[in-house]
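Please keep the structure open while reading.

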Amino acid sequence: MTDMNTPEIADTVRWLERAVIGLNLCPFAKAPHVKGQIHYVLSEAKGFEGLRDELIEQLQALAATPAEERETVLLIVPQMLHDFLEFNDFLDEADAVLQELDMEGVFQVASFHPQFQFADTEPDDIGNFTNRSPYPTLHLLREESIDRAVEAFPEAEMIYETNIETMDKLGAEGWEKLDVGPHD
(Lines give C-alpha, C1' and ligand atoms only; values in the text may rest on other atoms or scores of the structure.)
Protein backbone atom coordinates (compact mmCIF):
# COMPACT_ATOMS: atom_id res chain seq x y z
CA MET A 1 0.00 0.00 0.00
CA THR A 2 1.31 3.41 -0.93
CA ASP A 3 2.08 5.72 1.99
CA MET A 4 0.15 8.84 1.03
CA ASN A 5 1.87 10.75 3.85
CA THR A 6 5.30 10.90 2.24
CA PRO A 7 6.23 14.51 1.43
CA GLU A 8 6.69 13.71 -2.28
CA ILE A 9 3.23 12.18 -2.62
CA ALA A 10 1.63 14.94 -0.53
CA ASP A 11 3.34 17.54 -2.76
CA THR A 12 2.13 15.74 -5.89
CA VAL A 13 -1.45 15.51 -4.63
CA ARG A 14 -1.37 19.23 -3.74
CA TRP A 15 -0.09 20.03 -7.26
CA LEU A 16 -2.81 17.85 -8.79
CA GLU A 17 -5.57 19.46 -6.72
CA ARG A 18 -4.43 23.08 -7.01
CA ALA A 19 -2.95 23.22 -10.51
CA VAL A 20 -4.11 20.31 -12.66
CA ILE A 21 -7.67 20.16 -11.28
CA GLY A 22 -7.88 23.61 -9.72
CA LEU A 23 -6.93 25.39 -12.95
CA ASN A 24 -8.71 22.74 -15.02
CA LEU A 25 -5.50 22.03 -16.96
CA CYS A 26 -6.82 18.51 -17.50
CA PRO A 27 -10.61 18.26 -17.50
CA PHE A 28 -10.27 14.47 -17.16
CA ALA A 29 -8.29 14.46 -13.89
CA LYS A 30 -11.00 15.32 -11.37
CA ALA A 31 -13.16 12.20 -11.68
CA PRO A 32 -10.42 9.60 -11.05
CA HIS A 33 -9.04 11.78 -8.24
CA VAL A 34 -12.41 12.05 -6.49
CA LYS A 35 -13.04 8.32 -6.97
CA GLY A 36 -9.62 7.41 -5.56
CA GLN A 37 -8.56 5.75 -8.82
CA ILE A 38 -5.16 7.45 -9.11
CA HIS A 39 -2.36 5.25 -7.83
CA TYR A 40 0.66 7.21 -6.53
CA VAL A 41 4.00 5.42 -6.57
CA LEU A 42 7.17 6.85 -5.12
CA SER A 43 10.12 5.57 -7.13
CA GLU A 44 13.06 4.34 -5.13
CA ALA A 45 15.24 4.04 -8.24
CA LYS A 46 18.63 5.66 -8.28
CA GLY A 47 19.52 4.58 -11.80
CA PHE A 48 17.96 4.08 -15.23
CA GLU A 49 17.77 0.29 -14.93
CA GLY A 50 15.96 0.49 -11.60
CA LEU A 51 13.51 3.06 -12.93
CA ARG A 52 12.94 0.97 -16.03
CA ASP A 53 12.14 -2.03 -13.79
CA GLU A 54 9.72 0.07 -11.72
CA LEU A 55 8.03 1.31 -14.87
CA ILE A 56 7.57 -2.28 -16.10
CA GLU A 57 6.22 -3.32 -12.70
CA GLN A 58 3.72 -0.42 -12.62
CA LEU A 59 2.54 -1.00 -16.20
CA GLN A 60 1.97 -4.69 -15.48
CA ALA A 61 0.13 -3.86 -12.24
CA LEU A 62 -2.03 -1.31 -14.06
CA ALA A 63 -2.84 -3.90 -16.74
CA ALA A 64 -3.82 -6.42 -14.05
CA THR A 65 -6.05 -4.00 -12.13
CA PRO A 66 -9.55 -2.98 -13.27
CA ALA A 67 -9.88 0.68 -14.27
CA GLU A 68 -12.66 1.10 -11.69
CA GLU A 69 -10.02 0.41 -9.04
CA ARG A 70 -6.92 1.97 -10.65
CA GLU A 71 -7.55 4.31 -13.56
CA THR A 72 -4.07 5.73 -13.81
CA VAL A 73 -0.65 5.79 -12.12
CA LEU A 74 1.63 8.68 -11.20
CA LEU A 75 5.18 7.33 -10.85
CA ILE A 76 7.01 10.05 -8.93
CA VAL A 77 10.80 10.08 -9.37
CA PRO A 78 12.36 12.38 -6.73
CA GLN A 79 15.86 10.86 -6.60
CA MET A 80 16.89 11.17 -10.24
CA LEU A 81 16.15 12.77 -13.63
CA HIS A 82 16.40 16.29 -12.20
CA ASP A 83 17.81 17.51 -15.52
CA PHE A 84 14.92 17.94 -17.96
CA LEU A 85 16.93 16.78 -20.99
CA GLU A 86 17.94 13.62 -19.15
CA PHE A 87 14.28 13.09 -18.17
CA ASN A 88 13.23 13.66 -21.77
CA ASP A 89 15.76 11.05 -22.91
CA PHE A 90 14.25 8.54 -20.48
CA LEU A 91 10.88 9.00 -22.20
CA ASP A 92 12.36 7.17 -25.21
CA GLU A 93 13.12 4.30 -22.85
CA ALA A 94 9.54 4.43 -21.55
CA ASP A 95 8.25 4.14 -25.12
CA ALA A 96 10.62 1.20 -25.71
CA VAL A 97 9.21 -0.50 -22.60
CA LEU A 98 5.67 -0.12 -23.96
CA GLN A 99 6.83 -1.76 -27.20
CA GLU A 100 8.65 -4.59 -25.43
CA LEU A 101 5.60 -5.35 -23.27
CA ASP A 102 3.34 -5.15 -26.34
CA MET A 103 1.36 -2.42 -24.56
CA GLU A 104 1.49 0.26 -27.27
CA GLY A 105 -2.06 1.36 -27.92
CA VAL A 106 -3.07 0.06 -24.49
CA PHE A 107 -1.14 2.51 -22.34
CA GLN A 108 0.80 5.70 -22.88
CA VAL A 109 3.27 7.57 -20.73
CA ALA A 110 2.74 11.30 -20.25
CA SER A 111 5.44 13.41 -18.68
CA PHE A 112 5.62 16.10 -16.02
CA HIS A 113 8.79 17.72 -14.71
CA PRO A 114 9.79 20.72 -12.55
CA GLN A 115 11.68 22.22 -15.52
CA PHE A 116 9.32 21.02 -18.26
CA GLN A 117 9.86 22.93 -21.48
CA PHE A 118 7.96 22.60 -24.74
CA ALA A 119 10.04 22.70 -27.92
CA ASP A 120 10.72 26.18 -29.27
CA THR A 121 9.91 27.96 -26.00
CA GLU A 122 12.03 29.83 -23.52
CA PRO A 123 12.54 28.14 -20.11
CA ASP A 124 10.50 30.80 -18.27
CA ASP A 125 7.60 30.75 -20.78
CA ILE A 126 4.49 30.49 -18.60
CA GLY A 127 2.98 27.91 -21.00
CA ASN A 128 5.61 25.40 -19.88
CA PHE A 129 4.08 25.42 -16.40
CA THR A 130 1.09 23.40 -17.63
CA ASN A 131 3.38 20.36 -17.43
CA ARG A 132 5.46 21.37 -14.42
CA SER A 133 5.14 19.10 -11.42
CA PRO A 134 6.98 19.18 -8.08
CA TYR A 135 9.11 16.15 -9.10
CA PRO A 136 9.89 14.29 -12.32
CA THR A 137 6.72 12.25 -12.87
CA LEU A 138 5.68 9.57 -15.34
CA HIS A 139 1.91 9.44 -15.81
CA LEU A 140 0.74 6.02 -16.95
CA LEU A 141 -2.56 6.32 -18.79
CA ARG A 142 -4.98 3.81 -20.25
CA GLU A 143 -5.59 4.51 -23.94
CA GLU A 144 -9.24 3.44 -23.60
CA SER A 145 -9.71 6.02 -20.83
CA ILE A 146 -8.27 8.70 -23.09
CA ASP A 147 -10.61 7.60 -25.89
CA ARG A 148 -13.63 7.78 -23.55
CA ALA A 149 -12.57 11.19 -22.28
CA VAL A 150 -12.13 12.55 -25.80
CA GLU A 151 -15.59 11.24 -26.74
CA ALA A 152 -17.05 13.05 -23.75
CA PHE A 153 -15.04 16.18 -24.50
CA PRO A 154 -15.14 16.48 -28.30
CA GLU A 155 -12.95 19.57 -28.42
CA ALA A 156 -10.05 17.91 -26.61
CA GLU A 157 -7.57 19.44 -29.06
CA MET A 158 -8.54 22.83 -27.63
CA ILE A 159 -7.31 21.92 -24.13
CA TYR A 160 -3.74 22.98 -24.92
CA GLU A 161 -4.85 26.40 -26.21
CA THR A 162 -7.19 26.91 -23.26
CA ASN A 163 -4.36 25.97 -20.88
CA ILE A 164 -2.03 28.53 -22.45
CA GLU A 165 -4.72 31.21 -22.04
CA THR A 166 -5.22 30.15 -18.42
CA MET A 167 -1.49 30.32 -17.73
CA ASP A 168 -1.14 33.69 -19.48
CA LYS A 169 -3.88 35.10 -17.23
CA LEU A 170 -2.39 33.49 -14.12
CA GLY A 171 1.18 34.59 -14.81
CA ALA A 172 4.31 33.57 -12.92
CA GLU A 173 3.21 35.38 -9.75
CA GLY A 174 -0.15 33.58 -9.76
CA TRP A 175 1.58 30.23 -10.27
CA GLU A 176 3.89 30.99 -7.35
CA LYS A 177 0.86 31.71 -5.13
CA LEU A 178 -0.56 28.26 -5.89
CA ASP A 179 2.30 26.83 -3.82
CA VAL A 180 2.59 23.64 -5.86
CA GLY A 181 6.32 23.02 -5.66
CA PRO A 182 8.16 20.58 -3.41
CA HIS A 183 8.16 21.23 0.33
CA ASP A 184 11.09 20.28 2.50
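Strand β2 (residues 72–76) is mostly covered, with five of its five residues buried; buried means under 20% relative accessible area, exposed over 50% and partly exposed in between (1.4 Å probe, protein chains only). Helices (H or I, at least four residues) and strands (E, at least two) are DSSP runs numbered from the N terminus. This is a predicted model, in which local features need pLDDT of at least 70 and side-chain atom pairs count only at pLDDT 80 or more, while totals for chains, interfaces and linings use all residues. Residues are numbered from 1 along each chain as its sequence is written, and side-chain values use heavy atoms, with hydrogens and water left out.

- Strand β1 (residues 38–42) runs parallel to β2 and is joined to it by five bridges; two strands pair if DSSP finds at least two bridges between them.
- Leu42 has Ile76 as its bridge partner in β2.
- From β1 the chain passes through helix α3 (residues 48–64) to β2, in a right-handed β-α-β crossover (with the strands pointing away from the viewer, the path from the first strand over the helix to the second runs clockwise).
- β2 also pairs with strand β4 (residues 137–142), in the antiparallel sense and over five bridges.
- His139 in β4 is the bridge partner of Leu74.

**Asn128 in its loop**

- Asn128 lies in the loop between β3 (107–112) and β4, and is buried, with a relative accessible area of 0%.
- Its neighbours in contact (heavy atoms within 4.5 Å) are Phe116, Gln117, Phe118, Thr121, Glu122 and Pro123, not counting residues up to four places away in sequence.

**Aromatic rings**

- Rings of Phe, Tyr and Trp (its six-membered ring) pair if their centres lie within 6.5 Å; planes under 30 degrees apart count as stacked, over 60 as edge-to-face and the rest as tilted.
- By this rule there are seven aromatic pairs.
- The ring centres of Phe116 and Phe118 are 4.8 Å apart and the planes are at 75°, so this pair is edge-to-face.
- Phe116 is buried, with a relative accessible area of 7%, whereas Phe118 is partly exposed, at 22%.
- One aromatic cluster is formed by Phe84, Phe87, Phe116, Phe118 and Tyr160.
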